[in-house]
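Me: I have a model to go through with you. Can we take it step by step, starting with the core?

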Amino acid sequence: MNTRDTILGKVRSSLHIDPSDAARRKAVEERLKKAAPGIVPARGQLPPAQRVALFAEMAGKLSASVDHVRKATDVPKAVTEYLRGRNLPCAVRMGSDPRLAAMPWGRQRALELRFGPSDGYDEAGVSHAVAAIAETGTLVLTSGPENPTTINFLPEHHIVVVDAADIEGDLETVLARIRSAYGKGRMPRTVNLISGPSRSGDIEQKIILGAHGPRALHIIVVGG
Amino acid sequence: MDITSPAFKANARVALADGQLQKALGNVRAGFIDKRRKAVDALPEFEQLRDRARDIKNHVLEHLDLYLEAYEAKVQASGGKVHWAETAAQARDIILDICRKADARTVTKGKSMITEEIGLNDFLQENGIRPVETDLGEYIIQLRGEHPSHIIAPAVHLNKEQVEADFRRVHDHLPDHRDLSEPEALLGEARRVLRSQYFEADVGITGANFLVAETGTSIIVTNEGNGDLTQVLPRVHVVVASIEKIVPTLEDVSQILRVLARSATGQEMSVYTTLSTGPRRKGDVDGPEEYHVVLLDNGRSAMLGTEFQDMLRCIRCGACMNHCPVYHAVGGHAYGWVYPGPMGAVLTPSLIGVDRGGHLPNASTFCGRCESVCPMRIPLPKMMRHWREREFERGLNPATQRFGLGLWAFFARRPRLYRLATALAIPVLSLMGGRKRRIAWLPFAGGWTRHRELPAPESRTFMQQWRDREAVARQAAR
């Protein structure tokens, strides 16, 4: 008998299970099929405008900075202003996300754009979130050919663009959206739920920002 | 690692006399309790979510075989590989084999208690592979040749001066006069030193907070981002997790996430919750080319169906030790193995045997705070009692204790004799208390009175007082 079957056999014998018990199998299949949401806190259950406001408030509490722009075409200017305001080199790393690619970056003459995954030497990276969660101020980013995961972790400053319309009340709504986009039981390789900039409390329980991931998280909310 | 759990008493004595440790433990008492309280108060649904989280895990444990099968099928469908390990030794061999096939010389590691449990670092080192811990706390204790003293704050037993001394000793390529007096500077230095390691590593090893049966996803919940760099930069990602980490669906994860960070650090969400499903996809420009999951049993399947099954609901948040007066007093190393505090006191005898871990369930005041804060509502004191019973049944506790308990049991089973004995003893003890009403020395109880005084009892027993009260009440009723 191989190790897998040994372990499963031990589990069954400890639980005193009859392996042919069809009711158990059915209960598990149903549960996996239904994926029912459980208790969803009332906090995030708000109309869209208030949801955006709650998201900004919660993200602010997590030490992220939040900017609002009216249209997607305003994003490159907001990025340049962020970099200038913090005395950072005028350069950003980004993937080839079509929502970012459609923005008028050329108008920011001084801004240097680097594409592809981060090599660890980028001061600032720009990503586009697929969604955000008002309840906790969390950004949701998915990996793919156009969205390298390294940009979320290696740059010192992570700038994330999110559409106001994609700010949901709770994680459950976001999970349902991912499920309908990728198909039941399938997932992108990586889903990053990001709540504020990187931090550590490992030395004397003192919280310090910028442990291994970005020291600063800047969120640009478009529209809303 | 060497198991020193049988020497708990001696360990505790050393810990109580250790000034540095006592200073550092002040941070546990001061930090975690308040933060948790505030986070819990800010979420009205918290108690309901605890019930729900408990029910989810109970359901999983009752159907664990089926969920493991479903999970495995999904990992395979997403291009990952599942390895099953019955024992720590098997898990180590599997991981070494993966590392050898990847021609690995350096392995980065995200924080993982399960790799502590299987003693992975020493094993890799013995086999010529260099493991690099990347979580700040884990990095510090790896430099010191120590083990974590807390399951979520591994270096909580240290003060910043000790960390500074270690960094000066190990990072000897850096200038001597650099300022490392503040935690910010220490963190900055660790960040710079570890950056190159992520890129050098051939294999990245992480644990998992959850394994999702619905999708074959493994999830890590972290704050620093080191776990993510560990899994995204090397060519091979290995997830090591024990079999009870399974949850049915993503929605179930969401429920437990709402109690996890609040109970652990008092955060609403940890900074990074990362869901990983399989290796790099077609067209991806980063991410690991291989994705392996090592599923470890190591004694868990034997806990199912016993009075210790509830312990398998544990999500390793650390709330029980953060609120434990014994942990506050002696810290984590005194417990002598991987898991300290109340959860360690229950889990350790299950995993290494009651003959070696039997002292730990006795390291409790039975104040019940651990159970009252456990997000998964694990009845920790009850299970510690079960272990004490087993220890007694097997004759593992010392002769004086057994004699005392035997004596007590003799009287407890004979109520009349008990009442007679107490009616005789109480006036004597009361007299011994003198005017201060305290007893400073008692024959056969020197172990107690050496450290504290015993309050002298009232001059009559409870039964006698009760009888008098009843008599007065009856008379008044007439």
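Reply: A nonpolar core here is a set of buried Ala, Val, Leu, Ile, Met, Phe, Trp, Tyr and Cys residues joined through C-beta atoms within 7 Å. Keep in mind that this is a predicted model.

Me: Leaving aside neighbours within four places in sequence, which residue of chain A is in contact with Tyr67(B)?

Reply: Tyr67(B) is among the core residues that touch the most other members. Within chain B, its contacts beyond four places are Val60(B), Ala213(B), Ile246(B) and Pro248(B). From chain A there is Val28(A).

Me: How many residues of chain B that touch chain A are charged?

Reply: The contact takes 62 residues from chain A and 76 from chain B. On the chain B side, helix H10 (residues 183-200) gives the largest share, 8 residues. By class, that side has 31 nonpolar and 25 polar residues, and the charged ones number 20.

Me: Which strands form the edges of the open sheet of 8 strands?

Reply: The order is S8(A)-S5(A)-S6(A)-S9(A)-S9(B)-S6(B)-S5(B)-S8(B), with mixed pairing. An edge strand pairs on one side only. That applies to strand S8 (167-168) of chain A and strand S8 (246-247) of chain B.

Me: What is the sense of pairing between S9(A) and strand S9 of chain B?

Reply: Strands of a sheet pair through backbone hydrogen bonds, either parallel or antiparallel. S9(A) and S9(B), residues 272-276, share 5 bridges. Ile194(A) stands opposite Tyr272(B) there. The sense is antiparallel.

Me: Which residue of S9(A) is the bridge partner of Leu141(A)?

Reply: Strand S6 of chain A covers residues 138-142, and strand S9 of chain A covers residues 190-194. They pair in the antiparallel sense over 4 bridges. In S9(A), the partner of Leu141(A) is Asn192(A).

Me: Why is strand S1 of chain B largely enclosed by the rest of the structure?

Reply: S1(B) pairs with strand S10 (residues 290-296) of chain B in the parallel sense over 5 bridges. In S10(B), Trp84(B) has Leu295(B) as its bridge partner. S1(B) itself spans residues 81-85. It is largely enclosed because its buried residues number 4 of the 5.

Me: Is Glu123(A) buried or partly exposed?

Reply: Glu123(A) is found in the loop between strand S3 (112-115) and strand S4 (124-128) of chain A. Leaving aside neighbours within four places in sequence, its contacts include Leu88(A), Pro155(A) and His157(A). A buried residue needs 20 or more C-beta neighbours within 10 Å. Glu123(A) has 15 inside 10 Å, so it counts as partly exposed.

Me: What separation do the C-alpha atoms of Glu123(A) and Cys90(A) have?

Reply: The two residues are 33 residues apart along the chain. Their C-alpha atoms are separated by 9.2 Å.

Me: What percentage of the residues in chain A are buried?

Reply: Chain A has 6 helices and 12 strands. Its C-alpha atoms fill a box of roughly 70 × 40 × 40 Å along the principal axes. Of its 224 residues, the buried part is 48%.

Me: What distance separates the centres of the domains of chain B?

Reply: Chain B is divided into domain 1 (43-298) and domain 2 (415-477). Taken over C-alpha atoms, the centres of domain 1 and domain 2 of chain B are separated by 55 Å.

How values were computed: Residues numbered from 1 in each chain as written. Chains lettered and ligands numbered in written order. Predicted model: local features only at pLDDT ≥ 70, side-chain atom pairs only at ≥ 80, totals over all residues. Buried ≥ 20, exposed ≤ 12 C-beta atoms within 10 Å, placed from the backbone. Contact = placed C-beta atoms within 7 Å. Pairing = 2+ DSSP bridges. Helix = DSSP H or I, 4+ residues; strand = E, 2+ residues; numbered from the N terminus. Nonpolar A, V, L, I, M, F, W, Y, C, P; charged D, E, K, R; others polar. Domains from an automatic or database assignment.
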